[in-house]
Amino acid sequence: MRRQVLLFISILFLSSVLGQVSYSIPEEMATGSLVGNIAQDLGVDVKRLKSGKARIYTGDSAEYIELNKERGVLLVKEKIDREALCRQTTPCALHFQIALEGPMELFPITVEITDINDNAPIFQKEERVFEISESAVVGSKFMLEKAIDPDIGLNGLQSYTLKPNDNFMLKLHSQSDGNKKIEMVLQKPLDREKQEHISLIVTAVDGGDPQRSGTMQIHVTVLDANDNAPIFTKSVYKASVTENSPRGTLVTKLSATDADKGSNGEVTYVIGNTIDSVSKLFNITDEGELILNGPVDFEKDKNYQIDVEAVDRGGLSDSSKVLIDVSDLNDNSPIINIISKSNSVPEDCLSNTVIVMMSVSDPDSEKNGLVQCVINNSIPFTIKSTSTNVYSLLTDSDLDRERVSEYNITVTCSDEGAPSLSSSVILTLQISDVNDNAPVFEKSSYEAHIVENNTPGLSVFTVKARDADWNQNARVSYILEDSSVNGVPVSSYVSVSADSGVIHAVRSFDYEQIKDFQFRVRAQDGGSPPLSSNVNVKILIQDQNDNAPQVLYPVQTGGSLVAEMVPRSAEVGYLVTKVVAVDVDSGQNAWLSYKLQKATDRALFEVGLQNGEIRTIRQVTDKDAVKQRLTVVVEDNGQPSRSATVNINVVVADSFPEVLSEFTDFTQDKEYNDNLTFYLVLALAVVSFLFITCLVVIISVKIYRWRRSRILYQSNLPVIPYYPPRYSDTLGTGTLPHVYNYEVCRTTDSRKSDCKFGRAGSQNVLIMDPSSTGTMQRIQSDKSILDEPDSPLECFL
């Protein structure tokens, strides 16, 4: 008892070599009992057990030991019966692994289960009957059934005793398997007349503490003479049987002979003491044929030992042992069990990273149990055997989630039997994303057009970038990079939507001020750290026809009047003048065309559609009016088109004096045309104002006089006339304010004006200033004026 308690309390740590830890514990320990401090013995921190999701892997075996990750210890999960677990096999041990993840590690653990004396020896039969002839000679042997004790070592069966032992004694014979054959030997002749029935008790005793025992009752009946006992031809028979052989298969044939005649010479065969499971597998006939009576499995039992007894009718017997070897067949496919598996792995993991750890076993023997594992081709993985029956699946090359985001890995394990058997398992592995790709724009550069005079906030176009990564790493944001356009920040021109990449115009653009500008947009993903890329964007401002043509020549001034002079001798196609105009727009918006809108005589002049040249279209005659007025429209080609008009005065004359009488008319017509509208509006306003004022004054005077007359009438006072300031009586009649002078000067030569001559760039130009008065003064002689027809004449009226 003391020895068992010591074994139960003490837990022996055996060894830890190359990461393998061994413990020894007695069987039948209570649930929750401590096996060992695995964290300390492995040199692993308890935090590592938690973070690595430590777990026990036992394969297909039952799990008797559990891991407490909080304390880092191994505990008994359920009671262990060594005899049920290992039978008579020694040593009896549990083999399992502790698997860790991140990184993946595997630690083999061995727990030896030691025996305690928890079983007493047991005879399969509580009674045994022998019929022995009284003529049996001293030394005759009678085979007894062995007692069975599941315990081993000292706790197993140690000795037998026989009581009473007057006629018989026990004799033990050691066998090759370590067991002992027990025989009852006649040591004193029997006498039927003295004692016909003999009762014996056989006791089997083990060596445990406390000692346990089992008994069997033997009943002997003494018969008349039977001189000879059966004798086997062999003391040991050897045979073999192939596993999975059908029932009824002959295993071997035993033979025993008896020298007696008659019924005393008849021999029967009996399977002796053996384990129940074995006795049910085999059967022996009266002829000594050992027949297979049940399935045999090499993986369960590789051999059997059977004791066979030959007994004659006189009760004499002999025994022999049959050794049966079971031949292996390749009837088991490899068994694949996953120890640890990663469902996903980052795409930037290093080569030789362990993805899966698996155990592969084949219960068959020799070549039938040798296994090789392979995986499908053309994938960046490899499989290696890291230890006995343990395989690891590792990365073999770089992974790229953007190319392949998921792998279905087929692991096929085949044995070397004939025919070969195989098993396979499909492992699905997800490749998790790493931010290893920067956003990529759909174009290397962008160019967009926007029409000038746009509305601020107008959407111009969209830049688009794609990121091959996934989820947050593929979320793209757009940023307008800081830069300037003509010294102004680009952000005052355009903006970009961070989410959609839509570029908006911040202001209204004017093609005449800026025709194009460039900036850069950055696309940045949401990874950590973020990756980005840039793209150049060019905005081209498209011209809109928002500017009317501007006439550069003839110059239109408010203070002078320009006139072109055409000699009466001018031929057809004579160039009178040329209208010069420009349009600050561009393209077709700046293509100008010239048209004659109004003319005093349309049959005399024409305007070049493209060049604006005014030419005569017929010969000038004396009937043509001296004063000609042309209105030319300059129109651009925009949609809609814009235009400008210019008035051109043309004088038809051969000499300057002929045109002087017409200048005043030009001036009066011009003044009239320019001021007519203004004067009409002004006159209407003045008349309205005077009318309202007079009406108010008249009413006020009427009321004042009425009130004044009422006061004088009632007061009877003399009337004294009142004269307001600056009131005077002129010639004794009427009322007028003091003298106002109006001076109007006009001479009899008022139609003539002072003239001065100057050099100008145009031919036959007459400039008149209506604000001038006085007499004409000659700056040059009349001869010089006539000699130089290209000299312009400027007159001030």
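The structure is a predicted model. Averaged over the chain, the pLDDT is 82, and 82% of the residues reach 70 or more. Residues 1-18 have a pLDDT below 50, and this stretch makes 33 contacts in the model beyond near neighbours in sequence. The pLDDT is also below 50 over residues 719-797, where the model has 110 contacts beyond near neighbours in sequence.

In soluble globular proteins, nonpolar side chains tend to be buried together. Here the largest nonpolar core has 29 residues, and the members that touch the most others are Phe517, Phe519, Val521, Val537 and Ile539. Seven strands each supply at least two residues of this core: E34 (445-451), E35 (459-462), E37 (476-480), E40 (494-496), E41 (502-505), E42 (516-525) and E43 (532-542).

Phe519 can be followed in more detail. Leaving aside residues up to four places away in sequence, Phe519 touches Leu480, Ser483, Val490, Val494, Ile503, Val535, Asn536, Val537 and Ile539.

The open spaces come next. The second largest pocket has a volume of about 1400 Å³. Its lining is made up of 40 residues, and Thr58, Ser61, Ala93, His95 and Ser361 are those nearest the centre. Which elements supply at least two residues each to the lining of this second largest pocket? They are helix H4 (82-86) and the strands E7 (93-100), E8 (105-114), E25 (335-341) and E27 (354-361). Strand E7 gives the most, with five residues. By class, the lining of this pocket contains 21 nonpolar, 15 polar and four charged residues.

One cavity of 30 Å³ or more is counted, and the largest cavity holds about 30 Å³ of space. Lys141, Phe142, Met143, Glu183, Ser317, Asp318 and Ser319 line the largest cavity. The lining of the largest cavity divides into two nonpolar, two polar and three charged residues.

Notes. Residues are numbered from 1 along each chain as its sequence is written. This is a predicted model: local features need pLDDT of at least 70, side-chain atom pairs count only at pLDDT 80 or more; totals for chains, interfaces and linings use all residues. Side-chain values use heavy atoms; hydrogens and water are left out. On a 1 Å grid over the protein atoms alone, a cavity is a set of points where a 1.4 Å probe fits but cannot get out, and a pocket is an open set with protein on both sides within 12 Å along at least five of seven lines; lining residues have an atom within 4 Å of a point. Grid points are joined across faces, edges and corners, and a volume is the space filled by probe spheres set on the points. Ala, Val, Leu, Ile, Met, Phe, Trp, Tyr, Cys and Pro count as nonpolar, Asp, Glu, Lys and Arg as charged, and the others, Gly among them, as polar. A nonpolar core is a set of buried Ala, Val, Leu, Ile, Met, Phe, Trp, Tyr and Cys residues joined through side-chain atoms within 4.5 Å. Buried means under 20% relative accessible area, exposed over 50%, partly exposed in between (1.4 Å probe, protein chains only). Helices (H or I, at least four residues) and strands (E, at least two) are DSSP runs, numbered from the N terminus. Contact means heavy atoms within 4.5 Å. pLDDT is the predictor's confidence in each residue, from 0 to 100.
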